[in-house]
Amino acid sequence: MDLPVDADRLRADLEANAAFGRVTYEAPEKLGRTNLTGSAANRAARDRLVERFEDAGLEVAIDAVGNLVGTWVPDSADPDAAPVASGSHLDSVPEGGIFDGPLGVYAALEAVRAMRDAGVEPARPVAVVSFTEEEGATFGSGLLGSSVATGATDADAALAFEDGAGETLGEALGRIGYRGDDEIDPASWAAFYELHIEQDTVLEEAGADVGVVTTITGITHCEATIEGEANHAGATAMGDRTDALAAASEFVLDVEAAANEVVAAESDSAVGTVGSLSVSPNATNVVPGRVEAGVDVRDVTRESMETIVGAARDSLARLERERGVQTAFERPFDVSPTPMDDRLRDAAHAAAESAGRTAIDLHSGAAHDAMRVAAVTDASLLFAPSRDGISHNPLEWTDWRDCAAATDVLAGALARVATE
């Protein structure tokens, strides 16, 4: 079914949300916002969303970690039936863009309004979701709200997470009035859709309106430590050095080489990155004695991820033999690739065809709340095009027409699944 959305209404919602935590720049093309969990901007964004839920006749629920759900229960629906849900998040990284997260929340709300306006009669309720602290910019490491809602993280443990100033998540949510007592359980949903900007250029290069994600990438974070010997940079002969940073430079290149080899031989979507280095004592006139390196490995297949991680371990073993350093390797974060539900993907493709929109399959190289929800119920992730693939940046941009086109597809898919 074709459910054209109100593009102007959607744009007005996104522009209003962008004002909360707005960062101003001299360059007019930069539209930045800083919306951190517990901030005044975050409270204002939440307040407005609740108002919009109530204006649309949705029942509002808030759980212990501030996840927000607005549920539409039309007369046609069995109020006890498992709802179909859709949404994303309102928080941002510091000086992030205006679409990352809010597009998914307000597109879901617009989809409900479009169904209501078109007289669609769902057989089950439809819920609009805003998860707390998806970005991990203030509390935890990301996907916090969806992790708690799906049982992957204990709520009390999450509420005890602290920001840089020592305030806990529970204290911050209480201060802004969003530490609720409702139960939000994605396992009770019949299905979940998330619409997000792509944050890459696949759709832009293909000229497609919407991407239907096949798999969300797996992510592994590793921590490598290389211990050498700090010594005087002038008085220590080159042959007498155990330079931890020189060894670490080889480690960085080994990880890059391993990822390139996997791309060439196994999986062209694999990536491996050494994204952080902590050098000690970090003085120009001292041979570095210790380096801590942060490694990020991602792909849609577990095997290729393990290949790169194995190569990183092998690199450290070689450096011990050849450079005399001592090394350690830990893997504190590991999430497997998450396939999206075929039934929901088919519904999205059918909705795109009905709406006259072009949809293509692609994978997601970034984590999203949908991967947590997929652990407990059927889930699907849709993408809208991103100009130049820029995100987490004030230059992030998705054309308003593209926002509306992707929301057309979301609305059609939700209507199909909700009327089954």
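Helices α2 and α6 are therefore oblique to each other, a class that covers angles other than those under 35 degrees (roughly parallel), over 145 (roughly antiparallel) and 65 to 115 (roughly perpendicular). The axes of α2 and of α6, residues 169–176, cross at roughly 55° and come within 10 Å; axes are lines fitted to C-alpha atoms, for helices over the stretch in contact, with angles from 0 to 180 degrees between N-to-C directions. The crossing in which α2 passes α6 is right-handed, that is, the near helix is turned clockwise from the far one by less than a right angle. Helices (H or I, at least four residues) and strands (E, at least two) are DSSP runs, numbered from the N terminus.

The model is predicted, and local features need pLDDT of at least 70, side-chain atom pairs count only at pLDDT 80 or more, and totals for chains, interfaces and linings use all residues. Residues are numbered from 1 along each chain as its sequence is written, and side-chain values use heavy atoms, with hydrogens and water left out.

Pockets and cavities were located on a 1 Å grid over the protein atoms alone: a cavity is a set of points where a 1.4 Å probe fits but cannot get out, a pocket is an open set with protein on both sides within 12 Å along at least five of seven lines, and lining residues have an atom within 4 Å of a point. Grid points are joined across faces, edges and corners, and a volume is the space filled by probe spheres set on the points.

The largest pocket holds about 900 Å³ of space. Its lining comprises 35 residues, with Glu134, Ile219, Arg298, Ala366 and Ala367 the closest to the centre. At least two lining residues come from each of α4 (144–149), β9 (218–227), β14 (326–335), β16 (359–364) and α11 (369–373), and β16 supplies the largest share, three residues. The lining of the largest pocket is made up of 13 nonpolar, 15 polar and seven charged residues, where Ala, Val, Leu, Ile, Met, Phe, Trp, Tyr, Cys and Pro count as nonpolar, Asp, Glu, Lys and Arg as charged, and the others, Gly among them, as polar.

For the second largest pocket, the volume is about 250 Å³. Among its 17 lining residues, Val69, Thr71, Pro83, Glu183 and Trp189 lie nearest the centre. Strands β3 (59–62) and β4 (68–72) are the elements giving two or more residues to this lining, and β3 gives the most, with three. By class, the lining of the second largest pocket has 11 nonpolar, two polar and four charged residues.

One cavity of 30 Å³ or more was counted. The volume of the largest cavity is about 50 Å³, and the residues lining it include Thr37, Arg46, Asp91 and Phe131. Two or more of the lining residues come from each of α2 (40–55) and β6 (126–131).

Several backbone features were found in loops. Ser280 and Pro281 are joined by a cis peptide bond with omega of about 5°, and Pro281 lies in the loop between β11 (271–280) and β12 (286–287). Glu95, not a glycine, has a positive phi of about 55° and is placed in the loop between β5 (84–89) and α3 (102–117). Glu95 is partly exposed, at 38% relative accessible area, whereas Asp388, at 54%, counts as exposed; buried means under 20%, exposed over 50% and partly exposed in between (1.4 Å probe, protein chains only). Asp388 also has a positive phi, near 60°, and belongs to the loop between β17 (379–384) and α12 (400–418).
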